[in-house]
Amino acid sequence: METRGFTGRRQPPETGARLPPGQYLTEDFPILQIGPNPSVDLATWQFTLRDGSRPIKTWSWEAMRALPRTTWHGDIHCVTKWSKFDTDWEGVSFDDLLADAGISAPTDFLLAESHDDYSTNIPVADLVGGQAMIATHYAGEPIHADHGGPARLFVPHLYFWKSAKWLKGLRFTKTDTAGYWELRGYHMYGDPWREQRYIGD
Amino acid sequence: MNSATSATEAATPQPVVFHWYEAEVVAVEAVTAFVKSVRLRCPIAGRQRAGQHIDVRLTAPDGYRASRSYSVASVPDDSESLELLVQGLPEGEVSGWFLETAEVGDLVEVRGPIGGSFSWDGADGGPLLLAGGGSGVVPLLAMLRRRAQVAPDIPAALIYSVRSRAEAIALGELEARDRDEPGFSLFLRTTREGEGRRIDAGLVQAALDRIGAPTKVFLCGANRFVSPAADLLLAAGVPAGIVRTERFGA
């Protein structure tokens, strides 16, 4: 169905090739979340890896900062249709986290859980092999609370709602279990290149 | 499975599936120099909870498409249409079309309504504290329209920050509600005219004093409005768990 008088604003080819379908390029870093920033104190900050309800390992901020560091450069894509190019992130890769816990993933899925009671589901296959990290730095600086600091999940090949802000832990689940937005109509997987914004996309 | 798990699952909303539907422009009207009221007749009209948004998609002759999200301003009625208040942005691919081109009879596509956490209905109760910056007032306007329709006894306040009265959306309606509706108060701040004041602790306290301790709080606007507003509310003792925010821009 055609809309009369609409021609659209095409991106330059070099931009368009980097934009997943339906996305537009922004120079800003928009902020989207369900409520106020939770207050997170580094002195008492804890990060817990769980298998269901069973804790596997807990890290303090100092212990997390002592783990090997990973950097990533590239583009991020938000389900609200903005994309941002050439962003730089640093943190602890999911692989290094599991290695420090001395385990391999006990199930194929997990829920990322946040201090504001937000949660989101990601398959383990999308986190391993350098695809994801617990990010603590953006553009060379500690991540601001507005963008999920002190630590957020970072899974750049999926829509950015999967990169949960104010992360407090990861919980392995036996099945692919919907998180906060997934229960409210968002796609279970969220691949920007297949434009999986909502259930049924 | 233990009982706690069962209770959680019982409260879990069912997944929602969104489809695209054709929508016809049935009215277009300028409400400020930068904002147009657009009424769309579509099958999803009447399904929205106050505060939710819809996606609007436009298609060019060669099949190129662009879509954006807009808050619904209207509440369910018998018109089979819903109202958007679209702020035209100079670089806006979709909003620019609404501002400069859209006419009655034009066809677009819509899906939704979307966004259950930033929504309110009479059964959710109050007191209801709303704070909006600029065009962020639109979902809050829908909540006030719904309140008037189904729960006029619930105390409510709107803190509304705009650059000038001329740029304020639905100011006439809001001032009329403030005058005519017992239990609703408008707290308007103009940042670039008059005393040029922004939202501050005194204004937040005045709103809280007027309605009593809120049980539902919704903040919407650009981040430069929402972040300080959220901080002021928390500093005034509003529990973080009852505050819902929706932000746009930087």
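The points below comment on a predicted model with chains A and B, beginning with chain A and ending with the contact between the chains.

1. Chain A, overall. The secondary structure of chain A consists of three helices and 11 strands, and from the N terminus on these elements follow the order α-β-β-β-α-β-β-α-β-β-β-β-β-β. Along its principal axes, the C-alpha trace of this chain spans about 60 × 35 × 35 Å.

2. Chain A, packing. The radius of gyration of chain A is 17 Å, and this agrees with the value near 17 Å that a compact globule would have with 201 residues. Of those 201 residues, 37% are buried. When contacts in chain A between residues at least 6 apart in sequence are considered, 63% of them join residues at least 24 apart.

3. Chain B, domains. The domain assignment divides chain B into domain 1, covering 16–114, and domain 2, covering 122–248, and the centres of the two domains, taken over C-alpha atoms, are separated by 24 Å. Their contact involves 13 residues from domain 1 of chain B and 14 residues from domain 2 of chain B. On the domain 1 side, the residues that touch domain 2 comprise eight nonpolar and five polar residues, with no charged ones.

4. Chain B, the parallel sheet. Five strands of chain B make up an open sheet with parallel pairing, in the order β9-β8-β7-β10-β11. Its edges are formed by β9 (184–190) and β11 (243–248) of chain B, each of which pairs on one side only, while neighbouring strands of the sheet are turned against each other by 10 degrees on average, direction ignored. Strand β10 (residues 216–222) of chain B runs parallel to β11(B) and is joined to that strand by six bridges; for B:Phe218, the bridge partner in β11(B) is B:Arg244.

5. Chain B, helices on the sheet. Helix α4 (residues 171–180) of chain B packs on the sheet, where it touches β8 (156–162) and β9 of chain B, and its direction makes about 140 degrees with that of β9(B). Helix α6 (residues 223–235) of chain B lies across β7 (128–133), β8, β10 and β11 of chain B, and runs at about 150 degrees to β10(B).

6. Which residue classes make up the side of chain A that touches chain B? The contact as a whole takes 31 residues from chain A and 38 residues from chain B, and the chain A side has 14 nonpolar, 10 polar and seven charged residues.

Key: Residues numbered from 1 in each chain as written. Chains lettered and ligands numbered in written order. Predicted model: local features only at pLDDT ≥ 70, side-chain atom pairs only at ≥ 80, totals over all residues. Contact = placed C-beta atoms within 7 Å. Nonpolar A, V, L, I, M, F, W, Y, C, P; charged D, E, K, R; others polar. Domains from an automatic or database assignment. Pairing = 2+ DSSP bridges. Helix = DSSP H or I, 4+ residues; strand = E, 2+ residues; numbered from the N terminus. Axes fitted to C-alpha atoms, helices over the stretch in contact; angles between N-to-C directions. Rg over C-alpha atoms; globule rule 2.2 N^0.38 Å. Buried ≥ 20, exposed ≤ 12 C-beta atoms within 10 Å, placed from the backbone.
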